[in-house]
Amino acid sequence: MANLREAQKRMTRRLLLESGLETFKTKGYAATTVDDIATAAGTTRVTFYAYFPSRSELMKALIDEQLNEALQRVRSPEHGSTAQDLVATVAEGTPEAITAWLRRTAEIWPAIRPIIRIGRDASVVDPELPDLVERWLDEAISDIEDGLEAAGRLEPHQRHFRGVLAMAELDYVAQHWDRADWKLTRDQMIDELAASWARLLH
């Protein structure tokens, strides 16, 4: 019986997260209320507050759980979260490894892009969520640094900034690839991005 209750709690929490994301996408973060999210989930605001103290906490959970889950990031005592496959890819450093990692990442852009966009919108209007996405990007930059350090490539003072440049490129492309007229197919775009990463990280 206890196991069933725990499973129901997990399901309700997941439903609130998914309903929150869909409602944020439809109405925008600023216009979405706790009641909107609860109604979309088919429950009440009392149930919402049993799982999340505020709308801000639900937004944090979208970044910490759904975004990290999609990107296979796990908790890290050093950086908050880490993606071991990114660290390993950067450490290997071959164009083939970088291209393969970027292709895998591109497959989930449709799932992660709305979370990042909403996170940025939330940071603008919600004082409890300053720099929400940027803090998450800093964790990914740290993965790149760790990969470069493991490989012994570049000088210590260069590693962080090269990670900043690489993630800035990836973030911009991931957010705009379907709306920009860059005269490239998606495969060509990933090849160009991979070539740029290979140059930056060597």
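Visitor: Quick one to start: what counts as a helix or a strand here?
Guide: Both are DSSP runs numbered from the N terminus: a helix is H or I over at least four residues, and a strand is E over at least two.

Visitor: And how many helices and strands are there in the protein chain?
Guide: The protein chain has 10 helices and 2 strands. Read from the N terminus, the order is α-α-α-α-β-β-α-α-α-α-α-α.

Visitor: What kind of model is this?
Guide: This is a predicted model, where local features need pLDDT of at least 70 and side-chain atom pairs count only at pLDDT 80 or more, while totals for chains, interfaces and linings use all residues. Residues are numbered from 1 along each chain as its sequence is written, and side-chain values use heavy atoms, with hydrogens and water left out.

Visitor: What does the C-alpha trace span?
Guide: Along its principal axes, about 55 × 40 × 35 Å.

Visitor: What share of the residues is buried?
Guide: Of the 202 residues in the protein chain, 43% count as buried. Buried means under 20% relative accessible area, exposed means over 50%, and partly exposed is in between, using a 1.4 Å probe and protein chains only.

Visitor: What about contacts between residues at least 6 apart in sequence?
Guide: Among those contacts, 66% join residues at least 24 apart. A contact means heavy atoms within 4.5 Å.

Visitor: OK, helix packing. How are two packed helices described?
Guide: By the angle between their axes and the distance between the axes. The axes are lines fitted to C-alpha atoms, for helices over the stretch in contact, and the angles run from 0 to 180 degrees between N-to-C directions.

Visitor: At what angle do α6 and α10 pack?
Guide: About 130°, with the axes of α6 (residues 95-107) and α10 (residues 186-200) 9 Å apart. The two are therefore oblique to each other. Under 35 degrees counts as roughly parallel, over 145 as roughly antiparallel, 65 to 115 as roughly perpendicular, and the rest as oblique.

Visitor: Which residues make that contact?
Guide: From α6, they include Pro95, Ile98, Trp101 and Leu102, and from α10 they include Ile190, Leu193, Ala194 and Trp197. By class, the contact of α6 with α10 has 10 nonpolar, 1 polar and 5 charged residues. Nonpolar covers Ala, Val, Leu, Ile, Met, Phe, Trp, Tyr, Cys and Pro, charged covers Asp, Glu, Lys and Arg, and the others, Gly among them, are polar.

Visitor: And α4 with α7, at what angle do they cross?
Guide: Roughly 155°, and the axes of α4 (residues 55-70) and α7 (residues 109-125) come within 10 Å. That makes α4 and α7 roughly antiparallel to each other. Contact residues include Met59, Leu62 and Ile63 of α4, plus Ile112, Ile115 and Ile116 of α7. The contact of α4 with α7 divides into 10 nonpolar, 2 polar and no charged residues.

Visitor: Switching to α8: how many residues does it have, and what does it reach?
Guide: Helix α8 (residues 132-151) has 20 residues and reaches 30 Å from its first C-alpha to its last, close to the 28 Å expected at 1.5 Å a residue. The expected span is 1.5 Å times one less than the number of residues. Buried residues of α8 include Trp136, Glu139, Asp143 and Leu148.

Visitor: What follows α8?
Guide: Gly152, whose phi is positive, near 70°.

Visitor: Is His157 buried or exposed?
Guide: Exposed, with a relative accessible area of 67%. His157 is in helix α9 (residues 156-176).

Visitor: Last one: where is Thr82 found?
Guide: In strand β2 (residues 80-82). Thr82 counts as buried at 6% relative accessibility. Not counting residues up to four places away in sequence, the residues Thr82 touches include Gln72, Val87 and Asp143.
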